[in-house]
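Notebook open, model loaded. I want to go through the strands and then a few helix pairs, writing down what I look up as I go.

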Amino acid sequence: MSSRFFATGSDSESESSSESEEQTVVQSKSTVTTKVFAFSDDEEETKRVVRSAKDKRFEELQNVIKQLRNHKKIKDISKVLETFEDLTKALQKSQKVIEKEGGVPRFYIRALVELEDFVNETWEDREGRKKLNKVNSKALTTMRQKLRKYNRDFEAKIASYRENPDAGDDQDGAEDDRDKSDSDDDDDDEAQQQKKKPAAPAEAPDMKSQFLKGGDSEGSDDSDMDWPSDSDSESSDSSEPEGGYTNMAAKFLKKTTAAEEAAKAARKQEKKERKAREQRREEEEREMEEGEWTEVQRGAPMAMEKPKMFAKGTEINHAVVLKKLNEILAARGKKGTDRSEQIMLLAELRRIAEENNLGLGMTVKILFNIVASIFDYNPNIATCMKDEMWAKCITYITEMMDILIDNSNIFVGANVLEESEAIEAEPFRVRGCILSVMERADEEFIKMLQACDAHSTEYVERLKDEKKIEVLVVRLQKYLEERGTSQEICRVYLRRIEHVYYKYDYEHYKSADLIKKTVEQKVEEGKDGEEEVKDGEEVQDGEDEGKDGEVTPQEKGGQEAKDMVDGEKKEKTAVIMDKLCKYIYAKDTTDRIRTRAILCHIYHHALHGRWYEARDLMLMSHLQDTIQHSDVPTQILYNRTMVQLGLCAFRYGNIKDAHNALLDIQSGGRAKELLAQGLLMQRNVERDPEREKIEKRRQMPFHMHINLELLECVYLVSAMLLEIPYMAAHEFDARRRMISKSFHHQLRVSERQPLVGPPESMREHVVAASKAMKIGDWRACRDYIINEKMNGKVWDLFPEADKVRELISRKIQEESLRTYLFTYSAIYDSLCLVTLSSMFELDGPVVHSIISKMIINEELAASWDEPTQTVVMHRSEPTRLQNLALQLSDKLANLVDNNERILEVKQGTSAFYTRQGEGRFGRQGKERHQGKERHQGQGGYHQQQGRGYQGQRRDRGDRDRDHRDRDHQQGYNRQQDRW
């Protein structure tokens with residue numbers, strides 16, 4: 001459609017068409033009246049704004065940055081992450097333009113810096129992070145990682161921007177001011193249009209007549225006055241700059257003059273003044289309502305005025321102070337009570353009591369209440385105490401301990417009633433339990449360690465306070481040994497044990513190694529044994545003086561060199577543990593304290609390599625039968641003890657005991673959770689928030705953790721040394737059972753891989769060593785297990801790493817020899833002892849002992865030829881008839897088994913017989929079951945132990961299948977003997 005107002009053709013065409021256009025417009029007068037400023041599509045397309053690619057791309061970037069800032073204002077982290085990804089994509093689209101312009105624009109760098117500051121502030125705000133929902137919390141972690149990685153490409157520009165953020169921002173600031181002023185003008189114009197809106201219909205016909213070309217006779221005068229002449233329009237058209245108007249309507253709208261702009265500025269100023277007046281009026285009204293306010297000066301905060309406890313002239317005595325103390329305590333726990341103010345009031349009350357010499361009894365009573373108020377300062381049980389409150393708590397407890405230890409005339413106890421308290425005169429009797437206060441402080445210390453990042457310096461700084469806690473516990477122990485009951489002494493002894501049991505006594509073993517080396521030197525010099533022992537004792541006595549290169553505790557400096565008991569020499573931890581635990585065994589009346597003391601004692605024995613003491617104590621305690629009835633923290637301690645016992649057995653060379661001790665923890669793949677060293681995310685299981693909080697409170701502090709990679713490596717190496725010879729001995733046995741399911745899983749995973757490269761992880765090293773052991777290559781097996789990478793990851797973590805490596809190497813040689821004999825015994829008629837000894841680099845008696853055990857246990861069908869020192873192999877292959885007979889006996893046994901099952905189900909007696917130990921084998925099965933139990937009682941703790949925290953039990957069907965397999969194997973061996 002051609003334009004009705006602006007003709008694009010010749011003058012004649014425009015004149016001829018003007019009349020018809022006038023008629024058309026007059027007929028549609030009512031329609032045009034409602035759309036005064038409407039133009040056709042052709043008129044809008046007559047002039048377009050052509051923008052460069054740079055403007056388009058930069059405008060797109062600025063729009064995304066604007067969205068990013070909006071999301072940051074409302075702290076919508078998930079949206080911030082999405083917008084950041086859009087921003088990076090927009091920058092990639094603008095890459096060509098950026099290369100032409102010579103680099104990334106400065107406003108983009110500024111956006112990255114602002115985003116980085118926002119993420120860092122949000123991350124450092126721990127309280128704010130806890131309030132974030134799950135989506136925003138996860139988005140914050142992802143955003144932090146992505147932003148760090150992304151900003152590496154702009155490190156130089158970000159650094160230069162941070163050094164001088166104002167440089168080059170004049171243009172950006174001008175643009176921001178211009179945008180802001182434009183938006184303000186638009187707001188003012190919109191407000192004015194809203195006010196003038198009712199008068200718009202009356203003025204619409206005049207406006208229409210102004211836009212008509214020629215118009216009617218009545219409006220011709222007005223149109224001539226409003227519209228310029230042709231010559232004026234032509235001159236104005238020629239003087240217009242190209243591209244001066246963004247649309248055609250702006251060309252014909254009335255232009256603002258200088259007077260109008262001045263009026264607009266005056267209106268803005270008046271509006272600002274009006275807002276300021278209203279604000280001042282509101283402040284004055286608020287001041288009248290709330291009273292006078294004190295102006296706070298800049299700089300350091302003013303010292304708070306001490307609260308006034310009593311009126312002027314009041315006589316301070318015990319009754320007045322007690323009344324005031326009860327008033328303060330009455331507000332404890334109520335809604336709206338300021339806890340910090342309550343602590344301050346109690347501290348001031350203590351000062352007043354001491355100034356007026358009201359006695360130590362009053363001081364101790366107020367100190368008990370101050371410590372209780374500090375414990376109540378944090379109402380949430382899941383969160384830890386703040387640092388400043390923790391420092392106050394330790395200070396007040398130390399002061400209380402000083403008073404109680406130095407004054408024997410003060411008796412404190414939880415059994416003292418408030419009516420029977422004696423505070424005014426000696427001997428003082430005060431209600432309160434110093435032991436409970438110490439236990440609560442210890443629990444708060446554990447919570448503070450749990451709340452710290454384990455890999456930060458904050459954790460190390462907080463861990464230094466453990467020495468203070470331990471000194472307080474030792475002083476409390478000394479105090480209660482003189483005045484406490486036996487049950488209180490047991491409680492404080494257990495608290496001391498829990499601070500000692502997991503610590504390795506390096507000083508003790510340094511002195512022991514030094515004594516050993518000295519004795520060896522004396523033996524070489526040819527001195528007799530009495531002088532050797534005497535010299536060894538001299539070295540042990542002189543270890544505190546730093547002789548022979550020994551580092552003394554005093555040289556280490558600091559609190560670590562301080563004696564834990566004043567005036568006493570520091571004892572060995574083994575002596576301390578033995579004394580404390582034996583007292584608890586004799587005097588304790590509760591099962592929980594005795595159980596925890598036994599477990600800590602076993603843990604300490606195992607940690608220091610005392611295998612037989614740890615094993616015997618575990619067997620005598622019978623904890624494996626009753627541990628499932630204990631509370632969860634005790635079960636966690638039991639799991640930790642079993643793990644440490646397995647590691648001790650491994651260091652001692654008892655591979656089978658080590659495997660059986662670690663089996664329950666490692667078999668389920670939940671070692672981290674069972675040892676309380678972290679929470680595992682389970683598939684398709686959503687953990688309840690309350691349960692998750694409880695689980696987090698049970699977690700062990702990081703310095704008490706057991707290395708999980710070390711634990712898994714010891715378990716897999718033990719399984720390898722047991723499983724590979726067993727697999728070689730039962731290679732063609734269809735009913736072969738697995739010793740370790742997790743070890744077989746690792747082997748299957750390795751076999752599924754199409755291309756197996758050099759081992760990298762710890763598991764891959766163990767699998768590669770297992771494959772080498774299968775073929776009898778013990779050197780390759782040893783090199784896979786013991787190398788620089790495995791030493792750094794695993795073996796160097798043991799206290800005596802060289803001895804452990806020697807032990808593993810010897811065990812690999814012995815088990816490789818057994819695997820070699822199982823695999824290749826059918827090929828040889830005889831084997832020479834000297835040849836086997838040279839192949840596996842073992843001594844002749846060791847090889848002779850290994851082969852003799854195999855022959856005695858009927859694992860190897862062979863005999864010794866002593867004169868020639870050879871092993872003669874015996875072949876006893878069954879005939880076809882004998883094979884058929886064996887198959888028939890197996891099928892008959894299965895048939896009888898199925899019939900007995902059906903009979904038990906019909907009669908409903910399976911539960912009774914199962915409970916009596918008879919099962920589906922009748923009386924013979926019961927006898928076999930009892931025989932197995934006797935065998936288990938002789939075999940060791942690992943076959944009787946309970947499952948502890950994990951609550952796992954072997955299936956009864958597995959036990960029956962084991963009985964059946966053993967019976968068939970014994971029958972097969974008897975038939976071989978007859979043949």
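Entry 1: I started with strand 4 (residues 862-865) and strand 5 (residues 870-873), and found them joined by 4 bridges and running antiparallel. This is a predicted model, so every value I note is computed from it. The two strands make a hairpin, with 4 residues between them. I checked the turn too: Gln869 sits there with a positive phi of about 55 degrees. For a specific pair, I looked up Trp864 and got Val871 of strand 5 as its bridge partner.

**Entry 2: two faces of strand 4.**

Entry 3: Next I asked in what order the strands are arranged. The sheet is open and has 3 strands, in the order 3-5-4, with antiparallel pairing. Strand 3 (830-832) and strand 4 are the edge strands, each pairing on one side only. On average, neighbouring strands here are turned by 25 degrees against each other, direction ignored. Strand 3 is joined to strand 5 by 3 bridges, and these two run antiparallel. I noted one of the pairings: Ser830 has Val872 of strand 5 as its bridge partner.

**Entry 4: around the sheet.** I then looked for a helix over these strands. Helix 43 (residues 844-856) lies across strand 4 and strand 5, and runs at about 140 degrees to strand 4. I also stopped at Ser825, which is in the loop between helix 41 (801-824) and strand 3. Is Ser825 buried or exposed? Its relative accessibility is 18%, and the cut-off for buried is under 20%, so Ser825 counts as buried. Leaving aside neighbours within four places in sequence, Ser825 is in contact with Tyr820, Leu860 and Met873. Met873 belongs to strand 5 (residues 870-873).

**Entry 5: helix 20 and helix 21.** Over to the helix pairs. Helix 20 (residues 387-406) and helix 21 (residues 434-451) have axes that come within 11 Å and cross at roughly 155 degrees. Angles over 145 degrees count as roughly antiparallel, so that is how helix 20 and helix 21 stand to each other. Helix 20 passes helix 21 in a left-handed crossing. From helix 20 the contact takes Asp387, Trp390, Ile397, Met400, Met401 and Leu404. From helix 21 it takes Ile434, Val437, Met438, Ala441, Glu444, Phe445 and Met448. By class, I get 11 nonpolar, no polar and 2 charged residues in this contact.

**Entry 6: helix 23 and helix 24.** Helix 23 (residues 465-483) packs on helix 24 (residues 486-500) at an angle of about 155 degrees, with the axes 10 Å apart. That makes helix 23 roughly antiparallel to helix 24. The crossing is left-handed. Among the residues of helix 23 in the contact are Glu466, Glu470, Gln477 and Glu481, and helix 24 brings residues including Glu488, Arg495, Arg496 and His499. The class count is 9 nonpolar, 2 polar and 6 charged.

**Entry 7: helix 32 and helix 36.** How do helix 32 (residues 632-652) and helix 36 (residues 708-729) cross? Their axes come within 11 Å, at roughly 55 degrees. Helix 32 is therefore oblique to helix 36. This crossing is left-handed. Val643, Leu647 and Phe650 of helix 32 make the contact with Leu711, Val714, Val717 and Ser718 of helix 36. I count them by class as 6 nonpolar, 1 polar and no charged.

**Entry 8: Gln666.** Leu711 came up again when I looked at Gln666, a residue of helix 33 (residues 655-667). Gln666 is buried, with a relative accessible area of 12%. Beyond its neighbours within four places in sequence, Gln666 is in contact with Ala671, Leu711, Glu712 and Tyr715.

**Entry 9: chain totals.** The chain has 47 helices and 5 strands. Of its 979 residues, 36% are buried. Among contacts between residues at least 6 apart in sequence, 67% join residues at least 24 apart.

Key: Residues are numbered from 1 along each chain as its sequence is written. This is a predicted model: local features need pLDDT of at least 70, side-chain atom pairs count only at pLDDT 80 or more; totals for chains, interfaces and linings use all residues. Side-chain values use heavy atoms; hydrogens and water are left out. Axes are lines fitted to C-alpha atoms, for helices over the stretch in contact, and angles run from 0 to 180 degrees between N-to-C directions. Angles under 35 degrees count as roughly parallel, over 145 as roughly antiparallel, 65 to 115 as roughly perpendicular and the rest as oblique. A crossing is left-handed if the near helix is turned anticlockwise from the far one by less than a right angle, and right-handed if clockwise. Contact means heavy atoms within 4.5 Å. Ala, Val, Leu, Ile, Met, Phe, Trp, Tyr, Cys and Pro count as nonpolar, Asp, Glu, Lys and Arg as charged, and the others, Gly among them, as polar. Buried means under 20% relative accessible area, exposed over 50%, partly exposed in between (1.4 Å probe, protein chains only). Two strands pair if DSSP finds at least two bridges between them.
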